[in-house]
Amino acid sequence: PYVPVDDYMLNVKATEKRYALEKPLLTAVSKGNVAEALELSRQFMSMIYAPRINDPLHDKKNGLISTNTLLRLGAEMGHVHPIFVHELSGKHVKLINQTSSITQLNKLHEKIIRNYCLLVQNKSRMKYSKLIKDALNYIDFNLSGTLTLSALADYFHVSAPYFSRVFKKELNMTVTDYVTSQRIHESLRLLSSTNMQIQEIAAYVGMIDFNYYTRTFRKCIGCT
């Protein structure tokens, strides 16, 4: 049941301040500004407001799930494709439900802020033209597929020279170099977060020749 606080005006002021902080918090997340987002988030966390239910742990979890939902909007404002936002949001909900103390939830709160800011830093398409924005998303979603310059140009119905020129102008690297970098860094993520065998990972990211994969990995990452 809802338990009101004794000081009505205290509750009103806290609620007003909390809602006033939402817009700058979303803006900070949309820019990938970790320091600013964390500072605003700490102001959120420092407020005293009436619990929605009598169970402090579950009340905290409910509040953090609401915050997670709010922060999704910040990432979307930062021009991150919804599929990346949805994936990260789902991981956060799972972590929140698995957490068993308020202290851990407070730490998780800051981790969630950082994760959304890093997502914007790594996956924002804000500064790119529509063609390149669509191409980057297509590459990310199809790492195991054929991602040659000619194949990508055909898919987007433009000439290969034009696509190559625009891509290099906006990203300051060639299509081949970008695709290779994305494949290696996705394989690095899989190596650190799954139990997949290295050969499986290489194939999963579209690098069927395992020897080529290991050589490329060492070149990009600096170690075997």
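A: A salt bridge is a side-chain nitrogen of Lys or Arg within 4 Å of a carboxyl oxygen of Asp or Glu. By that rule, a search of the whole structure finds 6 salt bridges. This is a predicted model: local features need pLDDT of at least 70, side-chain atom pairs count only at pLDDT 80 or more, and totals for chains, interfaces and linings use all residues. Residues are numbered from 1 along each chain as its sequence is written, and side-chain values use heavy atoms, with hydrogens and water left out.

Start with Arg42 and Glu110. They form a salt bridge, and their closest N and O atoms are 2.8 Å apart. Helices here are DSSP runs (H or I, at least four residues), numbered from the N terminus. Arg42 sits in helix α2, residues 34-46, while Glu110 sits in helix α5. The two partners are 68 residues apart, so this pair links distant parts of the chain.

Next comes the question of cover. Buried means under 20% relative accessible area, exposed means over 50%, and partly exposed lies in between (1.4 Å probe, protein chains only). Arg42 has a relative accessible area of 38%, so Arg42 is partly exposed. Glu110 has 21% relative accessibility, so Glu110 is partly exposed too.

Now move to Lys123 and Asp140. They form a salt bridge as well, with 3.0 Å between the closest N and O atoms. Lys123 belongs to helix α5 and Asp140 to helix α6, so the pair ties together parts that are 17 residues apart in sequence. Both Lys123 and Asp140 are buried.

Asp140 has another partner, Arg125. In the salt bridge between Asp140 and Arg125, the closest N and O atoms are 2.4 Å apart. Arg125 lies in the loop between α5 and α6, and Asp140 in helix α6. This pair links distant parts of the chain, 15 residues apart. Asp140 counts as buried because its relative accessible area is 13%. Arg125 is buried because its relative accessible area is 3%. Salt bridges that share partners bring Lys123, Arg125 and Asp140 together in one network.

To complete the picture, take some other residues in helices. Lys107 is found in helix α5. Its relative accessible area is 61%, so Lys107 is exposed. Along the chain, Lys107 and Leu26 are 81 residues apart. In space, their C-alpha atoms are 19 Å apart.

Lys168 has its place in helix α8, residues 160-171. With 47% relative accessibility, Lys168 counts as partly exposed. Lys168 and Tyr178 are 10 residues apart along the chain, and 9.6 Å separates their C-alpha atoms.

Leu191 is found in helix α9, residues 175-193. Leu191 counts as partly exposed because its relative accessibility is 33%.

Back to the request, then. The search finds 6 salt bridges. One of the pairs is Arg42 with Glu110, which links helix α2 to helix α5. Lys123, Arg125 and Asp140 share partners and form one network.

Note on methods
Helix = DSSP H or I, 4+ residues; strand = E, 2+ residues; numbered from the N terminus.
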